[in-house]
2 protein chains.
Amino acid sequence: MSPSALLHKQYSAGTMSLLPLIYIGWSDGILSPRESEVILQKLEEFSFLTGDDKTQLKKWCDPGTPPDEETFEHWKTLIFDLCKNANSKQKEDLIELGLMMARSCDDCEDVSYWTSDQTKAALDELQEKLGISNIEAHRKLFDESEEELDSEFDVQNMCRLLDDEFHEFKNKIRTLMSYPEFRMEVIRDKDAYRTQIMNWCKELAKQGLGALSYPTSYGGENDMGKYSAFFEMLGYHDLSLAIKFGVQFGLFGGSVLWLGTKTHHDKHLQAIGELKLAGCFAMTETGHGSNVRGLKTTATYDANTKEFIIHTPTEEDGKEYIGNALHSKMASVFAQLIVDGENHGVHALLVPLRDQTHKLLPGVKVEDCGYKLGLNGVDNGRIWFDKVRIPKENLLNRFGDVDETGSYVSPIKNPSKRFFTMLGTLVGGRVCVPRAGLSAAKTGICIAVKHATKRRQFASKEGQKETLLLDYPTHQRRLMPLLAKAYALDFALSDLSKDYTKNLNNDLRRIEGTAAGMKSYATWFTTQALQECREACGGKGYLNENRIADLKADTDIFTTFEGDNTVLMQLVAKGILSNFSKEFHDDGFIAVLKMLSSQLSTNVFERNPISKRKSDRKHLLSAHFQMSAFRYREQKLLYTASQRMRGHIKATKSSTTAFLKCQTHMLALAEAHIERIVLEKFISQVKNTQDITCKNMLKKLCRLYALHTIEGHKGFFLEAEYMNPSKTKAIRSLIDELCADVRQQALPLVEAFGIPDEVLMAPIAI
Amino acid sequence: MSPSALLHKQYSAGTMSLLPLIYIGWSDGILSPRESEVILQKLEEFSFLTGDDKTQLKKWCDPGTPPDEETFEHWKTLIFDLCKNANSKQKEDLIELGLMMARSCDDCEDVSYWTSDQTKAALDELQEKLGISNIEAHRKLFDESEEELDSEFDVQNMCRLLDDEFHEFKNKIRTLMSYPEFRMEVIRDKDAYRTQIMNWCKELAKQGLGALSYPTSYGGENDMGKYSAFFEMLGYHDLSLAIKFGVQFGLFGGSVLWLGTKTHHDKHLQAIGELKLAGCFAMTETGHGSNVRGLKTTATYDANTKEFIIHTPTEEDGKEYIGNALHSKMASVFAQLIVDGENHGVHALLVPLRDQTHKLLPGVKVEDCGYKLGLNGVDNGRIWFDKVRIPKENLLNRFGDVDETGSYVSPIKNPSKRFFTMLGTLVGGRVCVPRAGLSAAKTGICIAVKHATKRRQFASKEGQKETLLLDYPTHQRRLMPLLAKAYALDFALSDLSKDYTKNLNNDLRRIEGTAAGMKSYATWFTTQALQECREACGGKGYLNENRIADLKADTDIFTTFEGDNTVLMQLVAKGILSNFSKEFHDDGFIAVLKMLSSQLSTNVFERNPISKRKSDRKHLLSAHFQMSAFRYREQKLLYTASQRMRGHIKATKSSTTAFLKCQTHMLALAEAHIERIVLEKFISQVKNTQDITCKNMLKKLCRLYALHTIEGHKGFFLEAEYMNPSKTKAIRSLIDELCADVRQQALPLVEAFGIPDEVLMAPIAI
């Protein structure tokens, strides 16, 4: 007797005839009561079944007792084995397969039963009633090379949740990006590449997308939310295009819109939105990036001619990394405004760079920054000014001006407040950049996940199919937490955009800290996620054709521009501290400490021995525990940072030195603060989600994000004795479990990002 | 009275006249007893000093009581302040400055004292006796823009320690790489770039560098150690050159040398070493990278014609990422050797790809892999074979052959052993690749450190000089641990090379695990270090001109090729486990567990409450504590991994499943194992270093590496209750301290890498 014969000895021909159908019925894990009822009803009519057959089949079709994994696998092996000689047409017919199996049975006494048209017709009818398609069945049975998109949740609804209020608009953009005109290509020469990007930018401007955030009177839609949603979408396409677009319409246009007044708007805004006037945002200098206040370029007022003289004092005070510098006709130049010998701090002025023939104007020097790690479609350059004269009107004068008598005037008396108000233009960038970065990360995750559900490596037994990459626990540990965090960040960044859009005309300082922190947290994630995805795709991830290479190279600078992440995180921490104590003098400080320590003591119940050890699933999976842990970390770091600051201030009499001494502590505090915000938002998103299938899925992702983040800080929690070892160990196992669970839905989860294949492009993912 | 007058009111003219000299004397932190003696002696002779002056000056010159920081800074401010109107010539004369200060004093009654030639001469004489150079003094006083290379240790000796036995040879290579012919340029077009790389390779071959590891009879030096040292040096140059070189001479040449026999050597080795025969190493397939054993390409023996038929069964079985594929005339093809219908496993065969006119031979298809994230100077391609016939002699037959009767014969009977013996050729690559990667990381660290000692950002007080980046604690935390780890890895990798070279003709399996683990650990470090360096250099780090961009892009694949790091680390773990138990049957396993648990108990003294809490400096800085912690981690992970494995094997009866379930655990174990080896080597290096200045410096680096690594695993140590919170907190402060300390020597430490400026190239670092 052959080994296969041994295998199916236990089943009768009658049961065999229905086995493929039943196998498929159970293959999604659940045979529904309706399906079961249909089968039971039909069974009675089947004259070709014996009583024993019927008893056995009824058992198999009880929705309450699904077959165990071993039985299920055994069925599959049987089908494979007995049907291996089937031709391709037979393989596409579930009933034909069943009959073939029946015929091959040892107990099959009368083959005619299993060849008759009547039997076949009866079984076909059953299949039809069950609504099982042969195509799907065939895929489930024989085509294992690709995993199907077998989702537990409504993918379309999930996509809608991520798209938020801009779902329709984003769908339009998806279509637009899929047009052949927007097909990405490898262009290695920077000049040719920059031309391509410029042409795309013009095309987008033509579609009215450049002016989205401008007032309708200048051809815009006065919709900052839509602008930022569009910027997110650009993150799925060529990042050079996103950045070029952001420089022209967001930074340059934004400076005219927010720092200029009606004269400037009337004169330039329409042309900027249509990209008839290309401009750049000339803030950073070689010697001064993060320290904008220390910029060296000067704009000195000459009362005689009513002009400003723009000047770069030394070589290293030249403007640096200025995007669009090679293509621009004009620049928003940030310079120290000197009126009558007095420095009024940094202001922006419009300085023409080139004439209509694109020749540089006298006194202006521009140099190409050359090739960069990525973003080579963006023309970054250096700009120097040698006593360039511009008319007084070119000062973007919303927050500071020179009046007719030649005196400096400003609606904001406090120079420091004025400076930070003007810098508010940067907040928009910090809201948008991480969204494009997240789109890049999502593209990478999508590619890595799809690859890992196709590529196999090593068989667990000789002769078996090799294992899918995504079925390796290490691979799940690599990719699933990234997937969860991408979802977490998506909701948090959307929320930030909304908050920003709502408060555009109010005081932006309230959200400045969150924007700075989210920008840092999210762009660091992008760098980390794409690195992981590259490695997870092995050599394939290194090839340009699979996109991750460019995504990595292009987004690498996101952690630096629009504010260096490390510097921004310190701003965040300072903001948190100064919410509690405006000044660091001792009296106020002690009050703060008292308040903080009383706040912490309300948390003490979390620290009692039972809670420290509590490690049952229910507790660990609860949003309440997770949120408490995140809050505790933030508060504890705030408390200890305040204490340390106080000690240092006492000792050194200098809050600057104290800040310096606590720098690494500050970074941890800022991170804890941002993570708390992200988790809060995610939990409330889960709570407010209507579609129950999406809600359940999001709940899993939220738990994975929360627990994985806690695990990353396990050293902190153990050191603070907020958790004990048994608890952190339990968290680790739970994460393994969640990773394996989310892995089951990894494909639909990346599908819900809604990245069109034409943009995804990677051969390993399509 | 002006503020500056207020400042120096307390000092007399006489003391002022010597202040600049004394300031410089103390500026390196120590006024030596000899210097002090010289001053005290001279003081007595100086008629222009009052008794009070002398008393004061004597106090200032007591080697036992150095001025406190505040006084020292006060001196500097005074000198700055009073000499700000000095002309440049005066500024270059320390005595002139002293006299100028004396003259400006309020109590200066007789100016003639401080203008007389006599006084000047007397003071000049003192300066000369002290051996203080004006140039150096000027730099210390006025030129703060660049930090001087003020080293505590002998930089040349340190370089010699790193270069090990190849110091002279490496110096020659440093000179060679600095020649104008080897000047690197940005070449964006891949074909032009590949031509450049090929030409460089030919030049190196001409110099005899390609054949270094081949026998002298074929033009080589029979020196694998030298080859590997040269490969390390190539890591400072263009990485495309390193990889192309490695493919031609190491992989292709290596396969002929190690898998072939005399016929092949005689026929090809000389031509390969001279790059007259370009070849590639065709192992990896699209569907099979890590799983070499599962390769699909076949080499079927045709006894009639005494030929092998090389065949690629399906599209995705094509050879993939093959370096040198576009330039090669021949390939070492790894294929399943089928003789008389029986598969004898993977063997290598020489298959001609192109004729002398470089036209592809019939049945061979080659496709360009196109652009990649980096290494675009290397021509990676895909190769397919369609029943290509090659003569029997082309089988590299050292470990397997077909005899005259047409039967397969092999000196190694066990097919598994045979396979792993043949794969031994890969060990060389795993020894060399991390060394080139480390050189790239060192280049990045050197650039980032040099930049951070020039670039300033934010002043701590209005009007003060801005702070150097490297004086920020966060910046020190970013770069100093990387610097320490680069040193740690350098010694460990040198050691591995030596071990490999020594054992070339013996069983390499002993070092296979260490090679695989070191390759993974070191190349992950390269990726992480270069990422950190890029970010630490901000926008400047993103520009191609500053090298980090290319270094990052080029080395990113190092974590994948020559074996995917994650897969390799599992091999390491399996190796560790199977050292204890050759078979995973239960009996042997329990014995292992018993043995392990008894080993661990000898460590129990480390776990008693006192040791857990012990956190004094001396204890934490001791190599004994550090080594114990590393060893504990390895053993504990080994113990728990074994326990878990045992549990899973009991439950599933399958060691494969058990391995899968413990995968992440295995990775941690492998890491702990490699880290223990690295620290052991570093400690013994410190111990064996003769030069006391280098020894002291290395000791600091070793401590930083050890404690920083422990901190990275703080979650583990707390969870295992091997340390308690007070201890991990003390370690954190100690690391901050060590970072600040090493920072003082950061410049000489990167100088000791010996990277020539011509190769370093980055404008921000030169």
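This is a predicted model: local features need pLDDT of at least 70, side-chain atom pairs count only at pLDDT 80 or more; totals for chains, interfaces and linings use all residues.

1. Residues are numbered from 1 along each chain as its sequence is written, and chains are lettered from A and ligands numbered from 1 in the order in which they are written.

2. Chain A contains 33 helices and 13 strands, where helices (H or I, at least four residues) and strands (E, at least two) are DSSP runs numbered from the N terminus. The C-alpha trace of chain A spans about 115 × 70 × 45 Å along its principal axes. Of the 766 residues in chain A, 50% are buried, a residue being buried if 20 or more other C-beta atoms, placed from the backbone, lie within 10 Å of its own. Among contacts in chain A (C-beta atoms, placed from the backbone, within 7 Å) between residues at least 6 apart in sequence, 74% join residues at least 24 apart.

3. In chain A, the axes of helix α19 (residues 509-536) and helix α21 (residues 548-555) come within 10 Å and cross at roughly 155 degrees, with axes fitted to C-alpha atoms over the stretch in contact and angles running from 0 to 180 degrees between N-to-C directions. α19(A) and α21(A) are therefore roughly antiparallel to each other, a term used for angles over 145 degrees. From α19(A), residues including A:T526, A:L530 and A:R534 take part in the contact, and from α21(A) the residues are A:I548, A:L551, A:K552 and A:T555.

4. In chain B, an open sheet of three strands has the order β4-β8-β7, with antiparallel pairing; two strands pair if DSSP finds at least two bridges between them. Its edge strands, each pairing on one side only, are β4 (319-322) and β7 (364-368), and the twist averages 25 degrees from one strand to the next. Two bridges join β4(B) to the antiparallel strand β8 (residues 381-385) of chain B, and B:K319 stands opposite B:I383 in β8(B).

5. Where the chains meet, 55 residues of chain B are in contact with 55 residues of chain A. Helix α30 (residues 714-719) of chain B gives the most to the side of chain B that touches chain A, with four residues.

Notes:
Angles under 35 degrees count as roughly parallel, over 145 as roughly antiparallel, 65 to 115 as roughly perpendicular and the rest as oblique. Two residues are in contact if their C-beta atoms, placed from the backbone, lie within 7 Å. A residue is buried if 20 or more other C-beta atoms lie within 10 Å of its own, exposed if 12 or fewer, and partly exposed in between; C-beta atoms are placed from the backbone.
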